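Please go through the model below with the viewer open. The notes that follow are grouped by topic.

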Amino acid sequence: MTTPLPPTGHVAPRQRGFRFLWYRVRKSPLTLIGFGLIVIYLLLAIFAPILAPVPAEQRGDAYAPVGHEGEDILPAPWFTNVNNPVACASKWPIPVIGWFDHSATMTCPFGTSNHGADIYYGVVWGARISVAMGVGVTMTGVIIGLVLGLLAGWYGGWLDEILLRITDIFLSLPLLVLAIAIIVAFRNASLWSVAFALAIVWWPTYTRLVRGQVLVIRENQYIEAAKASGLPDWYILIRHVTPNILSPIVVQATLDIGSVVLTAAALSYIGFTSNSPLLPEWGRLVALGQDYIATGQWWTVVFPGLAIFGFVLGFNLLGDGLRDLLDPRGAR
Amino acid sequence: MKFWTYLLRRLILAIPVILGITLITFSISWEANQGDMSRAYISAKMTAAQVQAVKEAHGFDKPFFVQYLTYLRGLVNGDLGISHTQNDRLITQVFADFFPATLELTLVAVVIALVGGVFLGTLSATQKDKPVDHATRFLALAGVSVPIFWLGLLMKFAFATSFPQDIVERASAVGKTVFLFLALLVPVGIGFFAAEAMQPRALSWNRIFGRLSVLGVVGGLIFFFGWSFVFAVFVSSVIVAFALAALVKVRGWSRIPKRIVWAILGGTLLVSAIVAFSGVGSIVVHDIFELVPRLPLGGRMSNEILNPPEAHPSVTHGRTGLLLVDTALAGDWVAFNDVAQHLVLPAITLGYFSLAIIARIMRASMLEILSLDFVRTARAKGIPEREVIRRHARRNALIPIATVVGLTFGGLLGGAVLTETIFQWPGLGRWSTQAIGSGDAQSIMAFTLFVVIVYLIANLIVDLLYSLLDPRVRLS
């Protein structure tokens, strides 16, 4: 049997590195969709001040939240139509074909809430919070998990035992419930306490993952060789072990950015991020809008929720795609 | 014998986990109360001496670890403290009240997730890379990505609240537009047909039938949509037909400039759009809105069921607390129907996440099994494909699902917090959010502890079941 030659000029990239990864990603549409979604959210987060500019007079004290740490790092801009609440108050002004009775189309494409808050502003600025929350919590978890997992897997012994027991406890708990319990202990509803609680519950996953991988890698001959040539342990761990265990961690981290944001949104919905309606967190926006859905103001709930959904979907799609590429045997 | 040693081993191994968790929950509770655990027992009206008495009676003036040990002793004796949010009742009593509701909701959700997930996973695997597979995979992916509280709200909006009038109107406007375009296809089609018919060619049966079918279509349109509509369409059709036919006569089919065709079409579309439309679309959309079932907004049963209280004793004084079971046992089908209707939305909302996970794993597991030799042998023996899948493949693919069900149980209980809050379900989850709202740390910690223990037990049962399902798995 002969295999057809690839068309001339078509050269598959080297079997390693980012070029190759990108080459494979291009072949799978779902992964591409996920990637595209993530790019959109990143752009939203980066260009929020351009996409949803806050008038200078609204950046001042009048809308600066009081007493909630975490909010002062972000502007609270999404009451943008306070000056002109009539413009699109409680309407969803995107015209369907044949329905042109509304003039406020351009000012608030996602409608406004009962407070006169512009949902579009909330969605755009919320992207910032979500990206920061997802990436921040996941990276914290990865770093803690990497350090502890490397040590536990490499040295074993009592450290390994203790870490195993601790991670056992954490992994035998539903994350959402544990995070709730931890935030309650902070006695302080803020974005930071949510991020902190999520970081506390999320590191054990990585520790276990890294530890398991190290146990496998440790048995390889190149590690033996490195040991025999007298390299210090830390050097072997960083230079020889870590690069070889990164793939499953990257996959897990990608999936987890989505889950972190999903959980954070749930916590925020319950009311843990802030009591202030000014914080543009998506879960919070859903919570603020939920009372009005019964009276037909569906956009107050639908658009922020859609934002969460798209964000998490994007990372899940990309994570799944990456898993198929990097870690074919690990596919569940 | 092996079974019992295994069970014993697992139970012993669970002890440090439970101890660790009690330590965590107690320190969190301690932290939340700023080191003063007496807060829940003290009211503002008490004098300093009374406060001191309460503190001494419960040992709240002792150091952390002493209090922790007291707490542990209380736990062993079934004393979890009191719940501030429930009028200072004992937490164990509150549990007894709320637990059946949560259990019922969770069980129905598990059943929905299992049945749906296994079905969709099998379907997806057997139809790999076909449209059904893609649709199912998207459904599963959406299930793990959708915020459960948002889904619940959307469910309520779509199936429980009555549609707001302006939404119906707006949707009717959309329906109008859609129907408009559909209707515009009719004159265009008739026009082209007529132009074709005017070609100088011999009359054949085909063409006669063609004309008759046009008559049939026109008749049908008159029957369904009324005269004025069809007349408008007919007029515009005739215009198109004559214009096209004239062009064809002059220049031949292939030589008509495209933009003239488009101009004629556009003109007719506009004319018929303005003249023809008399609200057919909006009527249809209205009817669709009427068809969507209206389910209860929340709660476990309607007020009519409880009023008068003695009308349905199975609801108020059931033996199990699981209303579905109680009403069915009592044969009270009116109440059963009501309770079942209240369960639909929350159970689907809660079960969807697990359904998605189960569908994904079922698909993977099924694909793996389908590639194995014994499946090929079964097919080679001539067993019909349906049977191969039902009896050979699916049974084996189900084994990993057992583990997943155990693991999703934690997620379900976590999700119950959100679902119960949204649907006003009188269960543990809603109680915990109320406790969160009023900073009642004691209750939250009790809830956490409860969830953990349920989770551990569920996973133990699943592991034991696993060894029954798959004899290859050794208990060790």
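Gln424(B) lies in the loop between α18 and α19 of chain B. Helices (H or I, at least four residues) and strands (E, at least two) are DSSP runs, numbered from the N terminus. This is a predicted model: local features need pLDDT of at least 70, side-chain atom pairs count only at pLDDT 80 or more, and totals for chains, interfaces and linings use all residues. Residues are numbered from 1 along each chain as its sequence is written, while chains are lettered from A and ligands numbered from 1 in the order in which they are written.

**Loop residues with positive phi**

- Gln424(B) has a phi near 45 degrees, a positive value in a residue other than glycine.
- Gln424(B) is partly exposed, because 15 other C-beta atoms lie within 10 Å.
- The burial scale counts other C-beta atoms, placed from the backbone, within 10 Å of a residue's own: 20 or more is buried, 12 or fewer is exposed, and in between is partly exposed.
- Asp129(B) also has a positive phi for a residue other than glycine, near 65 degrees.
- The loop that holds Asp129(B) runs between α4 (91-126) and α5 of chain B.
- Asp129(B) counts as exposed, with 9 C-beta neighbours inside 10 Å.
- Most residues other than glycine have a negative phi.

**Chain make-up**

- Chain B has 20 helices and 2 strands.
- Of the 476 residues in chain B, 37% are buried.
- Chain A has 11 helices and 0 strands.
- Of the 332 residues in chain A, 47% are buried.
- Two residues are in contact if their C-beta atoms, placed from the backbone, lie within 7 Å.
- Take the contacts in chain B between residues at least 6 apart in sequence: 73% join residues at least 24 apart.
- For chain A, 71% of contacts between residues at least 6 apart in sequence join residues at least 24 apart.

**Where the chains meet**

- The contact takes 44 residues from chain A and 45 residues from chain B.
- On chain B, the elements that give two or more residues to the side touching chain A include α1 (2-32), α7 (165-197), α15 (333-370) and α20 (441-469).
- That side of chain B has 30 nonpolar, 11 polar and 4 charged residues.
- Here Ala, Val, Leu, Ile, Met, Phe, Trp, Tyr, Cys and Pro count as nonpolar, Asp, Glu, Lys and Arg as charged, and the others, Gly among them, as polar.

**Helix pair α7(A) and α9(A)**

- Helix α7 (residues 191-217) and helix α9 (residues 233-270) of chain A pack at about 155 degrees, with their axes 10 Å apart.
- Axes are lines fitted to C-alpha atoms, for helices over the stretch in contact, and angles run from 0 to 180 degrees between N-to-C directions.
- α7(A) and α9(A) are therefore roughly antiparallel to each other.
- Angles under 35 degrees count as roughly parallel, over 145 as roughly antiparallel, 65 to 115 as roughly perpendicular and the rest as oblique.
- The crossing of α7(A) and α9(A) is right-handed.
- A crossing is right-handed if the near helix is turned clockwise from the far one by less than a right angle, and left-handed if anticlockwise.
- The residues of this contact divide into 15 nonpolar, 6 polar and 1 charged.
- Val194(A) is found in helix α7 of chain A.
- Val194(A) is buried, with 29 other C-beta atoms within 10 Å.
- Val194(A) and Phe272(A) are 78 residues apart in sequence, yet 6.9 Å apart in space, C-alpha to C-alpha.
- Not counting residues up to four places away in sequence, Val194(A) touches residues including Ile183(A), Ala264(A), Leu267(A) and Phe272(A).

**Helix pair α2(A) and α11(A)**

- The axes of helix α2 (residues 29-46) and helix α11 (residues 299-326) of chain A come within 7 Å and cross at roughly 135 degrees.
- That makes α2(A) oblique to α11(A).
- α2(A) passes α11(A) in a left-handed crossing.
- The residues of the contact between α2(A) and α11(A) divide into 11 nonpolar, 5 polar and no charged.

**Nonpolar core**

- The largest nonpolar core has 174 residues.
- Such a core is a set of buried Ala, Val, Leu, Ile, Met, Phe, Trp, Tyr and Cys residues joined through C-beta atoms within 7 Å.
- The largest share of this core, 20 residues, comes from α15(B).
- Residues with the most contacts inside the core include Leu198(A) and Ile358(B).
- Leaving aside neighbours within four places in sequence, Ile358(B) is in contact with residues including Ala113(B), Gly117(B), Ile401(B) and Val404(B).
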